[in-house]
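Colleague: I'd like to learn how to read cavities and helix packing in a model like this one. Can we start with the cavities?

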Amino acid sequence: MRELLTVKNLSVTFSAYNGKVKAVRGVSFTVYEGETLAMVGESGCGKSVTAKAILRLLERSSATVSSDSVVEFEGKNLLTLSKKELNQIRGSAISMVFQDAMASLNPTMTVGNQLIETIRAHKKLGKREAASRAAELLGLVELPEPQSLLRRYPHELSGGQRQRVMIAMALSCDPKLLIADEPTTALDVTIQAQILELLQRLQKKLGMSVLLITHDLGIVAGVADRVQVMYGGSLIEQGTAREIFSSPKHPYTAALLTAIPRRSTERRSDLYALPGTPPDLRLALDGCPFAARCKYAMPICKKQMPEETGNVGGHSCRCWLQHPMAPRVTLNGGEEGV
């Protein structure tokens with residue numbers, strides 16, 4: 001597969017009243033043409049910051065992207081482009097669906113006017129042609145009576161309908177990459193499944209790549225081709241969906257899988273909850289960021305961040321348990337002697 005987006009050593013720091021928050025720490029990954037890549041992890045681990053940094057949507061007054069970071073899209077480093085050059089890519093070749101549809105849509109404008117405005121910002125179309133395209137897009141995301149919906153305001157739509165409008169808006173210029181940042185947040189379980197199935201159908205129909213960002217590892221099993229797990233601002237494991245679900249190599253990934261409710265779970269048994277709290281991202285974190293919560297932690301885990309091990313471009317992990325001299329343990333859902 002051809003590389004579409006390549007992120008190298010992305011680091012983002014926020015200036016806060018009580019110190020510097022190192023939200024993203026040297027993240028590197030690739031999105032290939034036509035694939036769905038899921039980025040998962042707890043809230044606050046740096047997923048959304050990573051997504052916004054790709055499109056330079058972070059507030060420049062408080063966020064700083066390190067000078068050696070590279071975000072390469074089709075051979076162009078997005079971090080060094082002029083605003084005019086970036087705007088030709090942002091919203092056109094790369095689109096983003098945000099997690100809160102109600103906050104992202106303008107409550108004072110009809111759905112039609114918002115779609116038309118987006119379309120005309122990137123395509124040289126008249127208002128009538130843009131309105132026709134807007135109705136076509138609403139039909140594409142499987143909303144009933146598109147022509148009628150064009151005249152309605154966001155508050156007149158349900159949460160699921162608003163999210164579909166956001167997806168339609170993101171698809172208005174036929175993007176090559178769609179970044180979906182928690183697209184099912186605040187939706188009930190049934191609507192969540194519908195939105196994810198819709199994204200999957202659209203991805204196959206349009207041939208675009210999808211970067212799906214979520215805190216719930218359970219919802220990506222049937223959607224993602226590859227999965228990467230993020231914790232404490234760093235990527236700690238990545239591989240195909242089959243590899244991650246059948247043979248997790250990092251204790252944090254195994255803990256996320258254990259936390260997924262299962263039908264076989266006894267009715268009266270408690271759901272698994274990972275003890276402890278995520279690390280303070282104002283600190284240096286010289287060792288593994290998960291060490292304080294890991295029951296397999298060794299002295300070296302708190303002193304030095306492990307190197308990435310595994311197949312290049314395949315299943316890889318950053319964990320000292322992968323070292324030949326490490327004790328052999330069995331991770332939940334994993335293999336003996338990971």
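This is a predicted model: local features need pLDDT of at least 70, side-chain atom pairs count only at pLDDT 80 or more; totals for chains, interfaces and linings use all residues.

Colleague: How many cavities of 30 Å³ or more does the count come to?

Modeller: The count comes to 2. The largest cavity has a volume of about 100 Å³. It is lined by 15 residues, and the closest to its centre are Cys288, Cys294, Cys301, Cys319 and Trp320. By class, that lining has 13 nonpolar, 1 polar and 1 charged residues.

Colleague: And what lines the second largest cavity?

Modeller: That one has a volume of about 30 Å³, and its lining is Thr36, Leu199, Gln200, Gln203, Val210, Leu212 and Val223. Two elements, α8 and β9, each give two or more residues, with α8 giving the most, 3 residues. The classes split into 4 nonpolar, 3 polar and no charged residues.

Colleague: Now the helices. What describes two packed helices?

Modeller: The angle between their axes and the distance between the axes. In this model, α4 (residues 111–122) and α7 (residues 159–170) pack at about 20 degrees, with axes 9 Å apart. Angles under 35 degrees count as roughly parallel, so α4 is roughly parallel to α7.

Colleague: Is the crossing of α4 and α7 left-handed or right-handed, and which residues make the contact?

Modeller: The crossing is right-handed. Val111, Gln114, Leu115 and Thr118 of α4 meet Val165, Ala168 and Met169 of α7. That contact has 5 nonpolar, 2 polar and no charged residues.

Definitions and conventions
Residues are numbered from 1 along each chain as its sequence is written. Side-chain values use heavy atoms; hydrogens and water are left out. Axes are lines fitted to C-alpha atoms, for helices over the stretch in contact, and angles run from 0 to 180 degrees between N-to-C directions. Helices (H or I, at least four residues) and strands (E, at least two) are DSSP runs, numbered from the N terminus. Angles under 35 degrees count as roughly parallel, over 145 as roughly antiparallel, 65 to 115 as roughly perpendicular and the rest as oblique. A crossing is left-handed if the near helix is turned anticlockwise from the far one by less than a right angle, and right-handed if clockwise. Contact means heavy atoms within 4.5 Å. Ala, Val, Leu, Ile, Met, Phe, Trp, Tyr, Cys and Pro count as nonpolar, Asp, Glu, Lys and Arg as charged, and the others, Gly among them, as polar. On a 1 Å grid over the protein atoms alone, a cavity is a set of points where a 1.4 Å probe fits but cannot get out, and a pocket is an open set with protein on both sides within 12 Å along at least five of seven lines; lining residues have an atom within 4 Å of a point. Grid points are joined across faces, edges and corners, and a volume is the space filled by probe spheres set on the points.
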